Structures are given as structure tokens and as C-alpha cells.
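Take a look at the model below. We will go through its contacts one at a time.

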Amino acid sequence: MKTRSRSQATILPPLLLVLALTPLLLMPLGAIFVFAGRGGLRSLLYTLSQPDAQFALRFSLLVAFGTALVNGVLGTFAAYVISKYRFRGRNTLNVVVNLPVAIPTVVVGTSLLLLWGPIGLLGQFLTPLGIQPMFAPAGVLLAHIFVTFPYMLGAVKPVLDELETTYEEAAYTIGANRWQTFRYVILPALRGGMFSGLLLTFAHSLGEFGATVMVSGNLRLRTQTAPLYIFAQFEAGNIETANAVAAVLALVSFVIFMLLQQVTQQRDRGGR
Amino acid sequence: MSIILKDLTARYGDTIVVNQVSLDIADGELFVLLGGSGSGKSTILRMIAGLTPPAGGSVEINGRDVTHLPPQARGTGVVFQNYSVFRHMTVADNVEFGLRIRRVPPAERHQRSTELLDLVGLGGLGARFPDQLSGGQQQRVALARALAYEPTVLLLDEPFSALDVKIRAQLRQSLKDIQRQLKVTAILVTHDQEEAFELADRIAVIERGYLMEVNTPELLYHEPRTEFAATFVGGGNVVVGRVAQGQIKLGDVRLPLPPDAPPHDEDAPIRLLFRPETVYVSATPPAEGSGIHTLGEARVCEEMFSGSQQRLRLEMRGFQDVRPLSPPPPYGRRIFHIDALQVSDRAVALNRPQPGDRVWVGLRGYHVLNPGGLKVLIAYADTPSGQAAATFGALLASAAGGLTALLGVTEGAQSAARSPLAELFSRGAETPASQSVTRETLEAVARRWPGGPSPRLTLKVREGAVAAEVLAEAQEGDYELVVLGRGQNGLGRVARQILERTETPVLLVREPRPQIARMLICTAVGEPGKTDVRFGGRVARRTRATVTVYHVAPPASAPWQRARITQHMAEAQAVLDALGVPAATKSEPHEPGNLVAAIIAEAEAGDYDLLVIGAPAQQHPGRLRWTDFASEIVRHTDVPVLVAPMMA
């Protein structure tokens, strides 16, 4: 009797959780694919082959690659500096680089406009020179770099913090200079963290909406990313078109997520 | 000489972690730095490797001054406690890393790593990753990696302490073999004295940043010079007796003074070390002519049988004028303990003494440590109170029989430049900041020393702001007592800082007394109160003063509180009796607001020469710092006041 009641008790909480999550998480995801597949595969492929949709998806992927590249380097550098150097204002800097997580993305968009826009603090001097980053692909990239900056940092810095200084010190005494130590000792230890940081950055960039909608101007075939395209199509009543692109985004995100899972598991198995 | 350290010093913020350490380490020597945690031994190693910049002094490796060179340029090989083997490289890559950095061709690299892995007992494991190896094997990799580029010196920072006992022993043996074979100079840091003794050609004992003693393991064990080395290395019994007519007086026992013992004055305290294995324990007194010195009868209070040997703790009774140092004496009882060790053969094992048995105790041998005495710093200033400090300090220091430093501070050009600021900060300091003392002045003071100039007296002149330099000297010098003159302002900043940062007792003098014949020790119930009694008793034993132990506290209402006070006073009396100090006790209840007044009234009424105060009981936690309490007393009396810090 006793064992039975215990096994009932262990099954009940997970069951409740799944019941609660079904309408909240699982069914919405399912809905995308159901709607996207309604017109059959042929219509889905046709919708995706439209130039607008093609551009939106390619542009989104391109921006996500660019963002991951820039933040990959910058984020690792930031993590290295903040983790390994002791200087005045280090704590302040640590807060500043993590700030983008806390700021609403729409506010990020607004502040970028107020800086780089035609009447912005810097923009007012650049516009006469013919340089206008806002409402252009460059603006989208700037917004994404801003919004996704903390993810790389968040993935790499804990690894660096945990890496004991004796590893570096061992390398120094062996004769390696600072760069060689970074290249041969620190960087290899960061591989896992860097990979998950890059994936996180990429995924977040792919789905970015709030800041993008502000700085891009939502220009078809010029600055319209996939999320913006989905939103525009939905508003225009083209629900199936919107769903087709949404399904692709969801699929890509899912693949990235699986990869991330794998990396984390590998790292756990590897003992670090 | 392979490695020469000269006055090597390291600071961490305001604290000195390594204090002017000088060492010469010979080529091919296996040198061990032995010390407790936080003693600064690892910092010394890190300064040799170039991983921690020294605050002062120099490091010379093979005739080259490397003090300011980065670690890369020193060519040392370091093995860390946590192995620090690079996880993403194979074992062979790890070993070859230093050669790769030095652009050695791959074939040569491979040959070298194969040789080294064979040497450390990891032959054939070169292709493995560190995660596939045990801790002991990883540390072998680290050793091979450090040896690969033929380092000038091998530095090992607690290399075995993360390992199991069994593997530790194996690795220790391997290290010794490899070091002998390659004849590489090695410095090993450890807190494990067994490890130190097994491995070392020579051992340096480090404590609180000071180099206490350097010697071969044999001499360090059998003929240590300092009390610290004697008690830290191996189990040791150390007691302080007295020199009497060319003999050592230990209570009623007389022991011959060995001819090779360091010179002691007549009637001076003398410290004896005898190791547990040299203690004779038997049901019968030692036979005449056996060469064993009888100490007397003792009671066995603890007994531990571990197969090969038997450890005993013996309780000695009825010894007057003896100050036991190790094992730590029980407070407040007229006994002291002796540790004894007997090799267990069958006969001994079956008839071994049991707790409660009475046995005869004798000494097969003993060793006289260097004369101790209180190490005193006297801060001199050309003011009435500064002169008073020197006069009274000299009186106490010559009675104390230890090393004494007389410090004067010359205001250098640098400090003169920032003197308005220094003036502002040194308000309340007992020595006016404008007073400059030169070496000539100090020499004149030394000529007036009681009993003429003493070899135990050194003169020190420092340059800078007075307050800062006095504090710095107190921090660097490992003093047991600091004597300061004082003005009207209670404790003053310097005394406060010395008490708080160095935990050294401070003696504040405004008017000197002609002698130290009567001492008043103010105490409170509890551990800090015991500190007052112990330290005060030590001073009284040296100065031959009579002591009144004075206890003031708010009226105790409950019987258990009164019982606690009674017991505390009885214990204080017992401690002083055992030290051979004539003592009386006095306990008076007073309202909390009157404690200071009561102490001052007693001090004036009793015509005391020295007042000892410590930390009062926490009557008002948080509101009244104990230094404020001390400050109140100092402000209201002209009697010299010795303030014992919380933790002495």
C-alpha cells in the first residue's frame, strides 16, 4: 500500500505540470504548424518562395550571423577583461554590459533613434554627410548587437571565472606570454561556453522584434526581418503567409535549441 | 649559490605577509619552506616565480637579479597544489608546451616528453587526456611539464596536499628520486612537517611572514634555537625554568646547565626543550648513575596506544616558578603537562601505565633554547613623555631580558612636504609630529641605559611621519611589547592602531616610576581576562614585581555569577603562584558607570608602578569599544598603563 501511494504521489506533480503547460506552451507552438500546413506543402513552399518572404528570412539570418560574429568577439573580450583584470570601475562596467537584458527592447530602439536618427545626438551631424544608419540594415545590426550583447558574456564569463588563475600562472612560468596563454590555454577552455554563447546570440537575434521595429522603419525588401514580416503579414490578414515564415523561424530555433542542449550535456559529461 | 633572497617583503593592503626574509639556497638543494596556513610561505614561492610582485627586497637566481622580471623570463618550473594541467591538451602536449613555446622542433620535443613521462612513471600514457588520469598521475604530468624546459629552479606549492595519504607517500618518494637524479634545485612549500622532514636537505620555518629558523631536519629537531621551531616541529615539551648558580632550577629540581648552552644571566629565565621520546616513564625512579635526570612523580592523565608506540600525557604537580609553554598549560591550575612517548615492545605494551596511575618521570636529555625574554620596541621622542617612555621602557626592557629596539623618527624631506596633512591626521597622537630624532640623540639615550649599553639594545632610525613610521616598525618587527610616551589624549591613534592591527600589547608612559615593584592587573571574567593575567604574570615574573589582581564588575546578583567570579580569581591566583609571582586578588562590585573611576582609585591608592588592563567584559556591546574603555583609564591616571589586546 505504502509504495503504491508513494508512486501515485510522484506521478501526480509532473502530470499537473504537463496539464498546466499544455495550453500555455505546447498548444501555441502546435498551432503554428497546423495553420502553416493547412494549404498543403505546395502552398507552403509557394508562400515561402515569395520575394518578400525570401528576403525577410535571408536578411534575418544574415543579421543574426553578423550579430553573433560581432558579439562573439566583443563579448569574449569583455568577459576576459572583466574577469581577469582588476581596475577601478570594474563593477560598474559589469553592470553596464549586462544592462541590455533589463532594458525593454522598444526603449533600446528609441534610444538608438535618439542617437543615430536624423535629428539624433550624432545623427544630426552624420545626415548632412549622407550617412544615415537608422532605417537601414546597419541600424538593424546596431540594434541587435545592443540587445544580444549580454548573452555571449553570460556564457563565457562564468567559465572564465571558474578557470583558476593557476592555469594562467602555470603558462606564464612555463614561458608563454599573455597572448600565447590566451590562445593556447584560455581560449580552448572556453570553447564550450563560446559555442553556447554564439548560439544564444544567434537565436535571440533571429527573433528580435521590439528594437528592430523601431530602428528599421519596417521597409520591405530593405530592412524587414522575418519577425517584422510575420507581423506585417498578420496585420494585413495574410495569416497563412505569416504562419509559413513563423514555422520556419520556429524550426530554426528548435534546431539551435537542440544543439545548445547537446553542448551543455557534453560539457557536463566532460566534468567542466 | 643558486637562489638568494634578500629582505624579501610582501604586503597585502596594510598587512605585511612576508617580512624581510633572506635566504641562500644552494645548487641542487631540496629546500622546504615549512609553515602553517597564512604564514606567507606560498607568497615567498610566488615571489620567486614572479607571480606576486614583492613590496621590497630582491630575488637573485643563478647570479642574476630577477626581482623585476616577469615570470616568463625567470625560467622557473612551478607545480601547483591543484595540478593546473591543461585539460584540453594530451599529457604529451602538456609536457611539450614549454618546448613548443621555445620553438623546439617536434621530433626533439617528442623525444623529451617521452623521456620525462618515463621518468615520472607515466610512460605510454602520453596520448591520454588529463581527465582520464587520477589526481596523483595529473600531478606527475605537472611535474614533467615543469621539468621539460630544464628550469633553473623547481618550485612546488603544496604539491601533495590534494592527494590521498597513500598516493602522497608514493609521489613524495618519486619527487625525491627525480630531484636527486636530475640534481635540480627545488623549493617546496608545505604545512606538513612529516613531508618536510622526509624530503628536505634544509628546512626554513616560516611563521606570520617571519623566517623563524633555517636548518637541516636533524638540527631543527634536536637543537632548535627558537621556541616556535621547538614546538612547531615535532611534539615538544617546553618549560621555562630559571638559572641558579650555574644550574637550571625547575621548581625544586636542579639540572646541570650544558656547557654548549647559549649564555644565560644568573637568575634569568631559561627555556628547556625535551622531546616526548626522551622522557623516562616508569613505576620506579631512575637508577643512580643511569644518566637520567629525575623530575619527580606524575599522574598519567591520557594514554594512547597505537601499536608501535604509546603516547602519554603526564600531569606534573607542585612546581613553583616554572612557566610551561608546551603542551599548552591548563589555565588556573597548579599543574603542568608533559608529553611522553614510549616505543612499545611486548613487555611495555602489556604493562603500560593507565590513566590515573602514578609514575616516575625523568629526562634522558634536554636542550636549552636561545634566551627569550620580551622583545620590546621603545618609541623615543624629544618630549617629556617620550623621555619618560624611554626611561621606564628601559627599566622594563632590561628586566625583561629580551631584545630591545629604540626607535627614533627623522622627519625626511618627503614627509616635511606633506606635513600640513600629516599634522591634521596625527591629532591626538602622543608624539608631536614636528619632533625629529637623530641617531646621535638615540646614542645619547642609550648611554644612559640602566647597567650601561647592552648588546641586546639596537638603535633604529626611520624617516617619515612619526605616527606612520612607529606603526610600520611595530608591524615589521614582531615585537611582544611596544612602549610609547603619551600626552593628554587617552590612547591616541598610534596605540590604537598597534593594538588593532598587530595585536601587540602597548605600554603608555607619561611619568616614569623609579622601579617596577608593584603591579595592578585589572581583569574581567572570561578568555580576554585570562590574557591579562597571563601576560601581566609574564612581565611580573621578569621584573620580580608583586601583583594584585583586581576585578571590578557591576554587582553580580545571581549566585552562579558570583561563583564564576570567585573561580576566575582563584584561577588567576593559581596561575601567578605557579609562575612564582607573589600575588593577591581583590574583587569589588561597582555600578557600570563607575568602573573606570574604581580602577583609577585603586591604582592611585595602592601606589602601583604599572597598571595592566585588557578587554573589559562586553557590558555595552556595540556602544563602547574596548579601546575606548582603555582610553578612559589612560586619560585619568599618571601611572604607566599596559594595554593587552584582545587576542594576545
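How much area do domain 1 of chain A and domain 2 of chain A bury between them? They bury about 450 Å², 81% of it on carbon and sulfur atoms. Buried area is the accessible area (1.4 Å probe) that two parts lose on being put together, summed over both. On the side of domain 1, Ile32(A), Phe33(A) and Phe35(A) lose the most area, together 78% of what that side buries.

This is a predicted model: local features need pLDDT of at least 70, side-chain atom pairs count only at pLDDT 80 or more, and totals for chains, interfaces and linings use all residues. Residues are numbered from 1 along each chain as its sequence is written, chains are lettered from A and ligands numbered from 1 in the order written, and side-chain values use heavy atoms, with hydrogens and water left out.

Domain 1 spans 1-36 and domain 2 spans 51-271 of chain A, with bounds from an automatic or database domain assignment. Between these two domains there are 0 salt bridges (a side-chain nitrogen of Lys or Arg within 4 Å of a carboxyl oxygen of Asp or Glu).

Now turn to the chains. Chain B and chain A bury about 1900 Å² between them, 59% of it on carbon and sulfur atoms. Gln72(B), His88(B) and Ile101(B) supply 29% of the area that chain B buries against chain A, more than any other three residues. The interface has 1 salt bridge. Glu169(A) pairs with Arg46(B) in a salt bridge, with the closest N and O atoms 2.7 Å apart.
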